[in-house]
Every structure is written in C-alpha cells, then in structure tokens.
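Please walk through this two-chain model with the coordinates open beside the text.

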Amino acid sequence: MSIFKYASPSTFYPLAGKMAPWFAVIAAILGAAGLYLGLFRAPVDFQQGEVYRIIFIHVPTAWMAMLIYVIMAVYGVMALTFNTRLSSMMIEALAPTGVMFTVLALWTGALWGRPTWGTYWAWDARMTSTLILLFLYIGYMALVNAMDDKKRADKAGALLVIVGSANVPIIYFSVKWWNTLHQGYSVAASGSSMDASMRMPMLLMTFACWAYAIAIALWRVRAIILEREKEAAWVANLHGSASLKTSGVRA
Amino acid sequence: MNWSEFFSMGERAFYVWGSFGAFGLAIIVEILLLRMRLKKVTEKVKI
C-alpha cells in the first residue's frame, strides 16, 4: 500500500466522506472557543477600542485566503507532474472556499479600516495584491468552467494557479517591501507583539478556519467526483446497488 | 458588562457586527450551497 492508493477518486470518495465530519466537529469546537474568548474574554484594546475585535475574523480569513491558494498551487504541481485527476478535483473543490475567505478578508479589512484609518479602501500594496488574489481565484474558476474538455481545463487550471501563486508572497511581504497603509506583522515566527489574551482567540479562529476549509473541501470534492465520474462502474456500485450491477441489470 | 453594552461594541456595532455577521452568513451560505450541490448529484447518480 502506498499514499497513491488514495490518489484515485474511487478510493478517496469514501475516505473523504469519513474524514469530513471530524473536521467539521473540530471547526465547530475551535470556532466556538475562539468566538467566546474573542468577544467575551479578550480585553478592550487601549488604542482601538472594541473595533479591534474584527481582527479575530480578519486575520484568520486573510491567512486562509493565501494558504488555500498555495495549497491549490501544490495540487497544481501534482496534477501536472503525476497527472492525477484527484489533484485537479481538489483544486476545484478548494477554489470557492478560497473566494469566500478572500472576500471576507477584504470586507472585514474595509470595516476595520473605516473607523481606524478613516477609509474603507486604499490602493496600498497589501490591499491591491489581495484584490488581485480574488481575481486569480475567480479567473481560475471561470477558466475551468468555460472549457468543455475537462482534461484540457484541468491542465490550464493547474497552470494558472501555479503561475498565480507568485502573487501570494507579494501579499505576504508587501508590508515589508512597500510603505503600506496596512500595518506590519503582529505575529511572526520570531515572536508576537500581541498579548496572549488577544493572540489566543485569533489562533483558535485560524485553526477553526483550517478545519472548516478541510471539511468543506472534502465534501465538495465528493460532489465533484460524483459529477465527473457518474458514468463509472464504481459509482454504480456505491450504496448497495452492487447487486444490480453484478446481475447485469445496470442501466 | 451588560448585553446592550456588549451589542453596542463601544459605538462600533456596525463595523464589528458587520464583520462577524458577514463571516457567519458566508459560512451558512457556503454550507447550504454545498448541500444543494451534493443532493443534486447524488439524486442524479441514484445512490
């Protein structure tokens, strides 16, 4: 047995179905804890007041927006090198959730910016590159949906996300490379300028978003697998229709 | 802290609840859309 055993849609379909609920439960528990600590336990910020609580949504969603695109690009590399259908299906399964997190990051950033900076939007490097990220997600989805030949659509889509992933480090390092309105890092590997009572809910929300994205991607890839492989024999064998097939009654 | 104070978020209710609300709404909409998609395809393949 190798890891490639689960690289086929027919073996991954039941595995995804088994794993998804666990990630959903983890997401719910971590999310509830994060919201509780973030809204009720974390103290008021002495500079920003209550509005700083937006970061408990903003930072996790912005991290997810970047992370999901990077994961899509990794699947893109796998799709092109190993030619695995499942990799392309995973890219397709992740993209809508990536769009959701990118929109939320931009939306919550605007709602935080207005009372804090006095503006909903500025064409600063980080905000502009995040907007480009949104267009890259939408561009990928439009491209894959526009092509009738699924094999070609998968190849083109994988190529697009690999090329587009060059934008992610630009977003991440934008606050260092350019003089942005957006603030710099508050949390880094070298340490954090945030108090633990504020950092904890943010990290909990981040892990909740991870678990959520995994659960959703697993469920969505199941839908995609069925949509694409509905003619395949293994699909007909699912859920007890096996007897029909073996007796040759399969329509 | 009482509840009306909590909901007013120091006069920043629109921004704070606009963010948390959008987050909750987006998740609910995504889950509902995905459920519809799964239902549609499982009916199609009759499993």
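Helices here are DSSP runs of H or I with at least four residues, numbered from the N terminus. The model is a predicted one, and every value below is computed from it. The patch has an area of about 440 Å² and is made by A:Tyr36, A:Phe40, B:Trp3 and B:Phe7. One of these residues, A:Tyr36, is found in helix H1 of chain A, and because its relative accessibility is 39%, which falls between the 20% and 50% limits, A:Tyr36 counts as partly exposed.

Chain A, taken by itself, contains nine helices and two strands, and when it is read along the sequence these elements follow the pattern α-α-α-α-α-α-β-β-α-α-α. Along its principal axes, the C-alpha trace of this chain spans about 75 × 35 × 30 Å. Of the 251 residues in chain A, 47% are buried, while the accessible surface of the chain comes to about 12300 Å², with 67% of that belonging to carbon and sulfur atoms. Among the contacts in chain A with a separation of 6 or more, 73% are between residues 24 or more positions apart.

An example from within this chain is A:Ser88, which is placed in helix H3 (residues 85-117). Its relative accessibility is 4%, and A:Ser88 therefore counts as buried, the limit for that class being under 20%. Leaving aside residues up to four places away in sequence, A:Ser88 touches A:Ala79, A:Tyr140 and A:Asp154.

The next step is the interface between the chains. Here 27 residues of chain B are in contact with 38 residues of chain A, and the two chains bury about 2800 Å² between them, 78% of it on carbon and sulfur atoms. On the side of chain B, the residues that lose the most area to chain A are B:Phe20, B:Phe23 and B:Glu30, which together account for 22% of what that side buries.

Polar and charged pairs also occur across this interface: five residue pairs are in polar contact, with both residues at pLDDT 80 or more, and the count of salt bridges between the chains is two. In one salt bridge, the side chains of A:Arg220 and B:Glu30 meet at 2.7 Å, taken from N to O. As for the elements involved, H1 and helix H2 (13-44) of chain B each supply at least two residues of the side that touches chain A, and H2 of chain B gives the most to that side, with 19 residues.

Why does B:Ser19 count as buried? The reason is its relative accessibility of 0%, which lies under the 20% limit for buried residues. Not counting residues up to four places away in sequence, B:Ser19 touches A:Ile54, A:Ile57, A:Trp107, A:Thr108 and A:Leu111. Within chain B, a polar atom of the side chain of B:Ser19 lies 3.0 Å from the backbone oxygen of B:Tyr15.

Note on methods
Residues numbered from 1 in each chain as written. Chains lettered and ligands numbered in written order. Predicted model: local features only at pLDDT ≥ 70, side-chain atom pairs only at ≥ 80, totals over all residues. Heavy atoms only, no water. Buried < 20%, exposed > 50% of the residue type's maximum accessible area, 1.4 Å probe, protein only. Contact = heavy atoms within 4.5 Å. Patch = residues over 30% accessible without salt bridge, like charges linked within 9 Å, V, L, I, M, F, W, Y side chains within 5 Å. Areas by Shrake-Rupley, 256 points an atom, 1.4 Å probe, with all protein chains shown as cover. Salt bridge = Lys/Arg side-chain N within 4 Å of Asp/Glu carboxyl O. Buried area = accessible area lost by both parts, 1.4 Å probe. Polar contact = N/O pair within 3.5 Å; in protein donor to acceptor, adjacent residues only side chain to side chain.
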